[in-house]
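Follow the backbone of this model from a loop residue to its cores, and then to a pair of helices.

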Amino acid sequence: MKHDIISAVKFYRDMPNRRTTEELRTIAHIKRFLELLTGDKKFRERLKQNPEKANAIAGSRGLDIELKKFSRKFLPGLLYDGKDPELPLATLWREWVEDLLKFRGMLRENGYWERADPRFNAWRRRQIERTNSEMGMLRGDAITHPIFSFELSTGCSVGCWFCALGANSFKGHFERNPKNVALWRDILSTAVDLFGPAVQTSFCYWATEPFDNPNYLDFLEDYREIVGVLPQTTSAVPTRDLVWTKRLMGMIKAGNALPSRFSIINAKVLKHLHSLFSPEELMRYELLMQLKESSYGKARAGKTFRKKNPQEKTDAGLQVNPAPSSIACVSGYLVSMMDRTVKLVTPCHATEKWPMGFRVHDQGSFDDANGFGDFIQASISRHMPRDMPMDQPVSFREGLFYERIEDGFTVSSDCSAHSLRGDLFVSELGDLVAEGIHTPTQIIGILIDKGADIFGIRANLNEIYEKGFLEDMVN
């Protein structure tokens, strides 16, 4: 089956081809150095106490990098002469990270397919705008908004105390029998029929551990055949079954694969993984430092939403960040193959209403691929108008603070602020929307009676609609 591979996958695949062998080796060693710096408390303390011995300390962990070419922290004091020294390794690493960030942006844009229902494409773009406004551009830019997540088991056997998606205990996996394989392949084919190559942005886990399904990799082989790429995998137990891990790595090496990740939940796993695989072998696998020795805290969502930080334990890895956040990323459909359920979801900050850090706009069930496709099309009709409905009351999105100003208004969240300016009528438009009881037709009529220009008011309403400032949840 021939597929049109999305540009993000091609770009990521070709990243090593733009570097020499020596540059790739150096990048791999810098990456491992940073993993030790963020995930190994003893390593971090040794460097802090003996910066002049940085190279030797790194070398004791099998690393071969000249750290004074990477950071000024490791340069002898006598080299400081008021001018910044050249840091060629920092430049090499920054360019690698810039490519990863470019890949991330491309992946987000690849979630659009020109032949998909235009209402879905417009809805997804509004959700991206809303997320950027709600979470701020820095966090918002880190979200790629894939359009599907397929769960191949229910619950999770790992039981991390910090799970921001609130995974329940493991209850079973989607068995690989002829009936289930046929359903799985039909579901994937239906998804591709509806969204084309944009499905390549998707993945096959959520509040689950991929290892919990013994046939996870077999289902991924089906996925690659039908969708065209190997999706990202994130596992918290990469050393549980090395045959499984090495098979996954072999599948990724075969090409047209999204980058996969390993969550490091304790020091033993980090040490074991580093002993099993060289820096070069793990260069393209992100290691998420979730262990208590980590230098950063946990997202406040899911299991940690109401958690208080222990006063007697000061390790950063045991702390929960003060402000509610989210690790959700999907703007589309969360599909449970075991439960035969599908939810329309989007990321949001964790709240009392949405403690898992994602909104559920709609949900349903399916028995077969036809029912699956019917739900998707019905959810688009129910929740994704292409243009702003003119006969329904509009209000500013929950969580936005509204403030009238002389020539317009400002809406702000904890992370961002946006102003719409023009004239007195723009201020009055903001007031009418803030009341939350008027339809766009009524707002236009009220302001036209006061002398406003109909085209200007419509343009203003469309702007705040497209920017995701209006509430779109069905009560």
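Asn256 counts as partly exposed because its relative accessibility is 21%; partly exposed lies between buried, under 20% relative accessible area, and exposed, over 50% (1.4 Å probe, protein chains only). Asn256 sits in the loop between helix H10 (242-253) and strand E5 (261-264). Helices (H or I, at least four residues) and strands (E, at least two) are DSSP runs, numbered from the N terminus. The phi of Asn256 is near 50°, a positive value in a residue other than glycine. Arg340 is not a glycine either, and its phi is positive, about 60°. Its loop runs between strand E9 (332-336) and strand E10 (341-347).

This is a predicted model: local features need pLDDT of at least 70, side-chain atom pairs count only at pLDDT 80 or more, and totals for chains, interfaces and linings use all residues. Residues are numbered from 1 along each chain as its sequence is written, and side-chain values use heavy atoms, with hydrogens and water left out.

Now the interior. A nonpolar core is a set of buried Ala, Val, Leu, Ile, Met, Phe, Trp, Tyr and Cys residues joined through side-chain atoms within 4.5 Å. The largest has 112 residues; Trp184 and Phe195 are among those with the most contacts inside it. Helix H8 (residues 178-195) gives the most to this core, with 8 residues. Apart from this core lies another, of 23 residues, including Met388 and Phe409.

Last, a helix pair. The axes of H1 (residues 7-14) and H5 (residues 88-109) come within 8 Å and cross at roughly 165°. Axes are lines fitted to C-alpha atoms, for helices over the stretch in contact, and angles run from 0 to 180 degrees between N-to-C directions. H1 and H5 are therefore roughly antiparallel, the term for angles over 145 degrees.

Conventions. Angles under 35 degrees count as roughly parallel, over 145 as roughly antiparallel, 65 to 115 as roughly perpendicular and the rest as oblique.
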